[in-house]
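Please examine the model below and follow the explanation with the structure in view.

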There are 2 protein chains.
Amino acid sequence: MTVPPYADKIHNWYLELQTRICQSLEAIEQESLKIDLYKSWQAQHFEPKKWKFNQSGGGQMAILQNGRVFEKAGVNVSCVWGEFAKEFAEQIPGAAVDPRFWACGISLVIHPRNPFVPIVHMNTRHIVTTKSWFGGGADLTPSIPFDEDTLLFHQAFKQCCDSHDPLYFEKFKAWCDKYFYLPHRNEARGVGGIFYDYLNTENFSTDDNFNKDVGKTFLKTYPAIVRKRMEMPWGAFEEDILLKKRGRYVEFNLIYDRGTQFGLKTGGNPDAILMSLPPVAKWAA
Amino acid sequence: MTVPPYADKIHNWYLELQTRICQSLEAIEQESLKIDLYKSWQAQHFEPKKWKFNQSGGGQMAILQNGRVFEKAGVNVSCVWGEFAKEFAEQIPGAAVDPRFWACGISLVIHPRNPFVPIVHMNTRHIVTTKSWFGGGADLTPSIPFDEDTLLFHQAFKQCCDSHDPLYFEKFKAWCDKYFYLPHRNEARGVGGIFYDYLNTENFSTDDNFNKDVGKTFLKTYPAIVRKRMEMPWGAFEEDILLKKRGRYVEFNLIYDRGTQFGLKTGGNPDAILMSLPPVAKWAA
């Protein structure tokens, strides 16, 4: 059996992190009540939505829609297990010999309404086949970048990485730049962050702690960046830039993103997998 | 050398078809001047835009944007040649032994503004490696389907197919249904049409004529369907259905469409390849 003995413990951490992230974004929705810019919209809460995996397990999505600061924010925790399809198993470490897997993780994408507030993605996960590893990352995609925000984001994850291994940050930052790239556009998706996969130092609790710290770092840094930008007024010009940036985000997620491919190919819930898609996007001709 | 002796002749046919299609859609833009529904928008013309392929050849896009009836219509003719990348060559008939190719074709996607007017796609192409073949198809994607329009579209292509081979229609219609399908949504992209590939009866002019007839059939049927629906008033409810249908269209094109993959993997012009993407699309949470 592939379900590890610590399954509930790790699953509960992801659920706890989900709750904390949702509360933190809901607090921003409430704070925005005093900002006139958002007067056309209502402050919103996250709506939970459970779903079942077509094999075993399932997940709990939390979606905030049509809010004041957040046009769409989706935070999904999934804990699924079963067997990989044969052709897919060959691409997954340890699955060629035995296709059974267990996977648990959290994934979020936030689409703010204000073009000065960056889009963000964060994901951490633990996967078990005949091998086991951690993976994850966080990357920032501003429509209108501010060096100051980029620096803040990178510094936060540098500090997080450095407290675990002095080699992590440089490696995971480069991996992020390489991964979140649209070759057909010769364009980076955003301004980067960190990306890691197949992490297994053979010390489970060390790796588990690093993975947890990535989640905590997200909680410390993204809301701070939102608060710095959310009072900046915008107009149709900036909105157009935002909607086109979202178009690029859709291109990346549907053409290249491995999490999306993983989900769609393992028969996952399309609503949960494609929760990352923006509410509205534009393409220039 | 892979450039066939009839290269110019076939390329010119595609350019001629492009002109006729553009004129036919521009005529609808003009007719709409008397329809009050479209008073907020200007009638538009197609703007030509030439592009160069990163190996040899290139293309000519024609794009109509922000029109009255057509929010975006893109008709692209490309005629490119060079060598396939090794890993890609293995998937293309005749290219594993010699990676050189020549490809010429026309491709269009039309995104109407009125949710009662269906989205449409048409493509015909001729590809030469050490083998050579024709491919193409046309399929209708109504946001709000009318059986009457679906029937008209299918009947037109049935007539076109039947005049060439009594077995074509059934085969190409089934291929279309199978191809334009979103497995992750358990959903057809639209109401179908025809799709064919690797067509080579060993009589070049027979196949060439069939390919040309597919283009002519498009010209006969789609504008007629547009004219039947373009005067139907719509509101926010129907517009929402349209924008979400476009979201699905984006999913299909970026995740599954072979033409898109072919273009992106051969280093084609991303603007021409992704011309099929809608100006705006929506996703429900």
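In this predicted model, Asn66(B) is found in the loop that lies between β2 (56-65) and β3 of chain B. With a relative accessibility of 45%, Asn66(B) counts as partly exposed. Its backbone deserves attention: Asn66(B) is not a glycine, yet its phi is positive, at about 55 degrees. Most residues other than glycine have a negative phi. A second residue of this kind is Tyr198(B), whose phi is near 55 degrees, again a positive value in a residue other than glycine. Tyr198(B), however, belongs to strand β9 (residues 192-199) of chain B. Its relative accessible area is 40%, so Tyr198(B) is partly exposed.

Consider next strand β3 (residues 70-83) of chain B, which includes Val80(B). Is Val80(B) buried or exposed? Its relative accessible area is 7%, and because buried means under 20%, Val80(B) is buried. Beyond its neighbours within four places in sequence, Val80(B) is in contact with Trp51(B), Phe53(B), Ser56(B), Gly57(B), Gly58(B), Phe101(B), Trp102(B) and Ala103(B). One of these contacts shows how the chain brings residues together: Val80(B) and Ala103(B) are 23 residues apart along the chain, while their C-alpha atoms are separated by 5.4 Å.

Ser56(A) has a relative accessibility of 29% and counts as partly exposed. Not counting residues up to four places away in sequence, Ser56(A) touches Cys79(A), Val80(A) and Trp81(A). The C-alpha atoms of Ser56(A) and Trp81(A) are 5.3 Å apart, although 25 residues separate the two in sequence.

The helices may now be considered. In chain B, the axes of helix α1 (residues 7-31) and helix α5 (residues 204-229) come within 10 Å and cross at roughly 5 degrees. Because angles under 35 degrees count as roughly parallel, α1(B) and α5(B) are described as roughly parallel to each other. Among the residues that make this contact are Trp13(B), Leu17(B) and Ile21(B) of α1(B), together with Asp208(B), Phe218(B) and Leu219(B) of α5(B). By class, the contact of α1(B) with α5(B) has twelve nonpolar, three polar and six charged residues.

In chain A, helix α3 (residues 147-162) and helix α4 (residues 168-179) pack with their axes 8 Å apart, at an angle of about 130 degrees. That angle makes α3(A) oblique to α4(A). The contact is made by His154(A), Phe157(A), Lys158(A), Cys161(A) and Asp162(A) of α3(A) and by Tyr168(A), Phe169(A), Phe172(A) and Lys173(A) of α4(A). These residues divide into five nonpolar, one polar and three charged.

How many residues has the largest nonpolar core? It has 54, and those with the most contacts inside it are Ile21(B), Phe70(B), Ile110(B), Phe210(B), Phe218(B) and Tyr222(B). The largest share of this core, nine residues, comes from α1(B). Apart from it lies another core, of 53 residues, including Phe70(A), Val77(A), Cys104(A) and Tyr196(A).

Finally, the two chains may be compared.

Note on methods: Residues are numbered from 1 along each chain as its sequence is written. Chains are lettered from A and ligands numbered from 1 in the order in which they are written. This is a predicted model: local features need pLDDT of at least 70, side-chain atom pairs count only at pLDDT 80 or more; totals for chains, interfaces and linings use all residues. Side-chain values use heavy atoms; hydrogens and water are left out. Axes are lines fitted to C-alpha atoms, for helices over the stretch in contact, and angles run from 0 to 180 degrees between N-to-C directions. Helices (H or I, at least four residues) and strands (E, at least two) are DSSP runs, numbered from the N terminus. Angles under 35 degrees count as roughly parallel, over 145 as roughly antiparallel, 65 to 115 as roughly perpendicular and the rest as oblique. Contact means heavy atoms within 4.5 Å. Ala, Val, Leu, Ile, Met, Phe, Trp, Tyr, Cys and Pro count as nonpolar, Asp, Glu, Lys and Arg as charged, and the others, Gly among them, as polar. A nonpolar core is a set of buried Ala, Val, Leu, Ile, Met, Phe, Trp, Tyr and Cys residues joined through side-chain atoms within 4.5 Å. Buried means under 20% relative accessible area, exposed over 50%, partly exposed in between (1.4 Å probe, protein chains only).
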